[in-house]
Amino acid sequence: MSVQDLPLQDALQNYFGFSKFKGNQETIIQTVLDGRDTFVIMPTGGGKSLCYQLPALLKEGTALVISPLIALMKNQVDQVRGYSENDQVAHFLNSSLNKRQIKEVREDTAAGLTKLLYVAPETLRKTENIEFLKQINISFVAVDEAHCISEWGHDFRPEYRQIRKMIDAIGSRIPVVALTATATPKVQTDIVKNLGMEDHRVFVSSFNRDNLFYEIRPKTDKDTARKEIAKYAVQRKGQRGIVYCLNRKSTEEIAELLRVNGIKAAPYHAGLEAQRRARIQDQFLMEEVDVICATIAFGMGIDKPDVRYVVHFDIPKSIENYYQETGRAGRDGLPSECVAFYSHQDILKLEKFMRDKPVAEREMGGQLLQEMVAYAETGMCRRQFLLHYFGETFSAEECAKNCDNCRHPKERIDVSADLVLMLKAAKATEGRANIPQLVNILRGRATRDVEAAGYQELPEFGQGAEKDERYWNSVLRQGLLQGFLHKGVENYGLIRLTDAGAAFAAKPKPVELALNHDFPSEAAAAEENGHATRAVLDEELLNMLKAERRKVAKKHNLPPYIIFQENSLEDMATQYPVSTDELANIAGVSKGKAMRYGRPFLRVIEQYVEENGVDRPTEIVMRSVAKKGGNKIYIIQNIDKKIGLDDIASAKGLTMDQLLEEMETIVGSGTKLNMDYYLEDILDEYQQEDAMEYFRSTEIDDVDAAYDELKEEGMTMEEVRLMRLKF
Ligand code: ADP
Ligand code: MG
Ligand code: ZN
């Protein structure tokens, strides 16, 4: 009995050690074994690789695997080798190999030892490689990440368009297996057409990821969003997460903000050295880093099962991108969250980026972006919206309240009359108008293209003028969702009336619709936000804390503001800290100070909270990254007030070293700083005198030399620098 005759299940167990096929892997594999062209559409993590790996091992000859990323090829080959006894079973052929290595690959392949040969499309453009492959018995060609073929996908690679030509050059009638995780109907037709697939079978797995929670939050302004993300991550400390940003600077800023708040975070973007990137990626896999703040350069091919959340600081360019990126959460099937921040401003920015692109690309990009906007603003079930976008029918009940809109439903209204109006407009335009045009027709807006097509003559023109754009967009979406309208695939984006739509228009039934979100403009939101988050100061507690401060100050024989400054007390009377850790998060309070003076204050707060049944804010108090500049005045004023240097440093988020540097520039620019109050605390008279003596006597102004001399007196570098400042 040859291996081919083994039941597939046994082969799976034999070669991969898996006991069951996932989803429809088995039928797919059988189809590939039968030599049919096969198109596999399966979400990320669904197990596509096995669909060509197992047939490759079972079939005679060598399977050619075309994969876009040279960087991941080695990884994929290693993975296959890991299941096998020898390394010859899988090889890759790409520009990273030297002559000797290429020779080895060719020999193993020619000898029939290699069952899987991974190649980049570039490799297939070289005549010598084509000539070589002509002599090989190719079992089939697998095109992984096949969406790269389509300009409508999210990773278009022009080389992918040449694949058919190259396969034909290698041999005739070689079966093709295309695999992708992203296939909108448009991308699907592109792939089939471009690969010239014939009599092929298509396998579409559901794209539903029922363990993912989808949420869109308004991005009122960048700073607030950053803080919100930090808060979010702090609440999930110890969990893995990815924060996606569109630019490098944001990745750096957010990673920094997370770090100062105790999260193990790192930035990741194309501007970092390859080595550094590889290290960060490793650290993420090894769990030395919990949160990666990345541009889209991160994630392709990373199979980390326990990513608990994916946050989009910037809204992605398309739903494909969004789905791909959110798809990296929760591969292990456990509940995970996907939160995206959305603002009109960001959309305008993305549109601006596209302005310099060629017209066709710009048009395409614009439409993809509009879909993203529609998703962000929709009031309907997000899962339903996403799955419908990928060509699946799905009812909102199946979502199990696992998206923000299902969890907090919007007001629903009956829109059947308006839906009929929309259907009439679609009928009248005979499938030649797109979404914005239809909306403009109903609103009675004679834009250039509406006018050019003569649509202002239609009876529907202006019939819905009293309702706004958002509303009509919602109605139109509902029409698409119900199958009353159809959006063109070939002539992308044009809307036509379906038979079901015509039937509905003739005999309408009630249709309920959740209205779309009305995201406030940035300025309006910022204002609202300012009012909403203005701290609620508890005057009663504040007075109690002030009294306590007087008591403590008296006991230590110190002026009260040395114990805690006014703003610190106010912050306490707002945040109600009850532990030293929480106290250390209060404005102007260092860890040291919290420990030294904190206890009686905490007792006061705790008692107060208990007696008055105060609902303490569960919000985590955020530390923010120190702003450069701005510090100097603060430092001068607070040294004047005789505030401890460690408190000043902590209030500004500076290290002692950074504070000293700031102070050195202040003194260097001629401003006097009187730090005697602090020096008295840390050095005795004799040490101070010795230091002054030294600085008076020496000719060279060199801190290191001074330290060498003065460390004999038991002084630290910090103290030496302070004495030099004083001098
Ligand atoms: P995709 O390419 O579709 O994103 P992969 O092929 O990388 O997914 O597979 C995702 C994960 O699922 C891998 O860790 C793989 O080993 C695992 N896997 C695939 N098929 C099975 C199976 N039948 N049983 C168990 N695990 C599987
Ligand atoms: Mg894959
Ligand atoms: Zn839902």
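Trainee: In which helix is Gln283 found?

Mentor: Keep in mind that this is a predicted model. The helix to look at spans residues 274-285, and Gln283 falls in that range. The helix is α11.

Trainee: Leaving aside its neighbours within four places in sequence, which residues is Gln283 in contact with?

Mentor: Contact here means heavy atoms within 4.5 Å. With the neighbours within four places in sequence set aside, the contacts of Gln283 are Glu288 and Val289.

Trainee: How far apart in space are Gln283 and Lys48, C-alpha to C-alpha?

Mentor: In sequence, 235 residues separate Gln283 and Lys48. From C-alpha to C-alpha, their distance in space is 26 Å.

Trainee: Which residues come nearest to ligand 1?

Mentor: There are 13 residues around ligand 1. The shell they form divides into three nonpolar, six polar and four charged residues. Those that come nearest are Lys20, Lys22, Gly45, Lys48 and Ser49.

Trainee: How much of the area that ligand 1 exposes when taken alone does the protein bury?

Mentor: Start with the polar contacts, where oxygen atoms of ligand 1 lie 2.9 Å from a polar side-chain atom of Lys22 and 3.4 Å from a polar backbone atom of Gly46. For Ser49, an N or O atom of the side chain is 2.5 Å from an oxygen atom of the ligand. Taken alone, ligand 1 exposes 570 Å², and the part of this buried by the protein is 74%.

Trainee: Are helices α17 and α20 roughly parallel or roughly perpendicular?

Mentor: Helix α17 covers residues 416-428 and helix α20 covers residues 469-481, with their axes 10 Å apart. They pack at an angle of about 80 degrees. Angles of 65 to 115 degrees fall in one class, so α17 and α20 are roughly perpendicular.

Trainee: How do the residues of the contact of α17 with α20 divide?

Mentor: On the α17 side, the contact is made by Asp418, Leu419, Leu421 and Met422. Helix α20 contributes Tyr471, Trp472, Val475, Leu476 and Gly479. The division is seven nonpolar, one polar and one charged.

Trainee: Which residues in α12 and α14 meet?

Mentor: Helix α12 (residues 319-326) packs against helix α14 (residues 359-377) at an angle of about 60 degrees, with axes 8 Å apart. The two helices are therefore oblique to each other. Their contact holds five nonpolar, no polar and two charged residues. Those that meet are Ile319, Glu320 and Tyr322 in α12, and Leu368, Glu371, Met372 and Tyr375 in α14.

Note on methods: Residues are numbered from 1 along each chain as its sequence is written. Chains are lettered from A and ligands numbered from 1 in the order in which they are written. This is a predicted model: local features need pLDDT of at least 70, side-chain atom pairs count only at pLDDT 80 or more; totals for chains, interfaces and linings use all residues. Side-chain values use heavy atoms; hydrogens and water are left out. A residue is near a molecule or strand if one of its heavy atoms lies within 4 Å of it. A polar contact is a pair of N or O atoms within 3.5 Å; within protein, one must be able to donate a hydrogen and the other to accept it, and residues adjacent in sequence count only if both atoms are side-chain atoms. Accessible areas come from the Shrake-Rupley method with a 1.4 Å probe; for residues, only the protein chains shown count as cover. Ala, Val, Leu, Ile, Met, Phe, Trp, Tyr, Cys and Pro count as nonpolar, Asp, Glu, Lys and Arg as charged, and the others, Gly among them, as polar. Axes are lines fitted to C-alpha atoms, for helices over the stretch in contact, and angles run from 0 to 180 degrees between N-to-C directions. Helices (H or I, at least four residues) and strands (E, at least two) are DSSP runs, numbered from the N terminus. Angles under 35 degrees count as roughly parallel, over 145 as roughly antiparallel, 65 to 115 as roughly perpendicular and the rest as oblique.
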